[in-house]
Amino acid sequence: MVNKQDGSNSKRMVLQPLLLNIPEVAASLRLSRAKVYRLIYYEGLPVVHFGRSVRVSVIALQDWIEQRAKSA
């Protein structure tokens, strides 16, 4: 959470993550972790690797879902 202060008024801004880990992707899609990995390996769900860590861009996930919806 980031605090932003404007004079005497203080506002709180909640930053949304740019990248999700596999459990977060699974929860947001209401799928299992195994299914998310299958989507990555067989269906082309785009990922970003940081060493052994795998992350999915929120924007790329939304775009990927929209593409699949259009082709269905």
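**Close-up views of a predicted model**

View 1. Because Tyr 37 and Tyr 41 are four residues apart in helix α2 (residues 33-43), about one helical turn separates them; helices (H or I, at least four residues) and strands (E, at least two) are DSSP runs, numbered from the N terminus. Tyr 37 is partly exposed at a relative accessible area of 27%, whereas Tyr 41 is exposed at 62% (buried means under 20% relative accessible area, exposed over 50%, and partly exposed in between, with a 1.4 Å probe and protein chains only). This is a predicted model, in which local features need pLDDT of at least 70 and side-chain atom pairs count only at pLDDT 80 or more, while totals for chains, interfaces and linings use all residues. Residues are numbered from 1 along each chain as its sequence is written, and side-chain values use heavy atoms, with hydrogens and water left out.

**View 2. The salt bridge between Arg 68 and Glu 43.** The closest N and O atoms of Arg 68 and Glu 43 are 3.1 Å apart, a salt bridge being a side-chain nitrogen of Lys or Arg within 4 Å of a carboxyl oxygen of Asp or Glu. Arg 68 lies in helix α3 (residues 58-71) and Glu 43 in helix α2, so the pair ties together parts that are 25 residues apart in sequence. Both partners are partly exposed, Arg 68 at 36% relative accessibility and Glu 43 at 41%.

**View 3. Contacts of the Ser 57 side chain.** Ser 57 lies in strand β5 (residues 53-57), and its side chain reaches the backbone nitrogen of Ile 59 at 3.3 Å and the backbone nitrogen of Ala 60 at 3.2 Å.

**View 4. Confidence along the protein.** The protein averages a pLDDT of 89, and 86% of the residues score at least 70, pLDDT being the predictor's confidence in each residue, from 0 to 100. Confidence is lowest in strand β1 (residues 2-6), at a mean of 53, and highest in strand β3 (residues 19-20), at 98. Where pLDDT is low, the predicted coordinates should not be read in detail.

Conventions. A polar contact is a pair of N or O atoms within 3.5 Å; within protein, one must be able to donate a hydrogen and the other to accept it, and residues adjacent in sequence count only if both atoms are side-chain atoms.
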